[in-house]
Amino acid sequence: IRPALCYLGLITIDRGLDTMLAVLDRLRIEFPAIHLHLFGRCDLTTDQLEAIPAYRAVRELVTFHGHVP
């Protein structure tokens, strides 16, 4: 079984995206197969995502699913 985390809602720094990514970075040490699924509108540009230090470390463990009605 692959461990997974899910977030549903607006995806912004104000909503804690940077914290989620930092936690994911720590969790992958104990759970290397962990994955984060993000559902919702993301108001961040690629440059803004790349500016989050933890994102660069975990980007392969994150899937942006976009808005799901």
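I count a pair of N or O atoms within 3.5 Å as a polar contact, where one must be able to donate a hydrogen and the other to accept it. The model I am reading is a predicted one.

**Entry 1: Thr12.** I looked up Thr12 and found it in the loop between strand 1 and helix 1. A polar atom of its side chain lies 3.1 Å from the backbone nitrogen of Arg15. I noted Thr12 as buried, because its relative accessibility is 13% and the cut-off for buried is under 20%. Leaving aside neighbours within four places in sequence, I found Thr12 in contact with Leu17, Asp43 and Leu44.

**Entry 2: Helix 1.** I then turned to helix 1, which comprises residues 17-30. From first C-alpha to last it reaches 21 Å, close to the 20 Å expected. I listed Leu17, Leu21 and Leu24 as its buried residues. Seen down the helix axis, these buried residues fall within an arc of 55 degrees, so they line one face of helix 1. An α-helix has 3.6 residues a turn, so residues three or four places apart point the same way. On the other side of helix 1, I recorded Arg26, Ile29 and Glu30 as exposed.

Entry 3: I traced an open sheet of 3 strands, in the order 1-2-3, with parallel pairing. Strand 1 and strand 3 stand at the edges with a single partner strand each, so one side of each has no neighbour in the sheet. I found 5 bridges joining strand 1 to strand 2, and I noted His37 in strand 2 as the bridge partner of Cys6.

**Entry 4: Helix against sheet.** Lastly, I saw that helix 1 lies across strand 1, strand 2 and strand 3, at about 160 degrees to strand 2. I noted that the cover over the buried residues of helix 1 includes these strands as well as helix 2 and helix 3.

Conventions. Residues are numbered from 1 along each chain as its sequence is written. This is a predicted model: local features need pLDDT of at least 70, side-chain atom pairs count only at pLDDT 80 or more; totals for chains, interfaces and linings use all residues. Side-chain values use heavy atoms; hydrogens and water are left out. Helices (H or I, at least four residues) and strands (E, at least two) are DSSP runs, numbered from the N terminus. The expected span of a helix is 1.5 Å times one less than its number of residues. Buried means under 20% relative accessible area, exposed over 50%, partly exposed in between (1.4 Å probe, protein chains only). The arc is that of the directions from the helix axis to the C-beta atoms. Contact means heavy atoms within 4.5 Å. Two strands pair if DSSP finds at least two bridges between them. Axes are lines fitted to C-alpha atoms, for helices over the stretch in contact, and angles run from 0 to 180 degrees between N-to-C directions.
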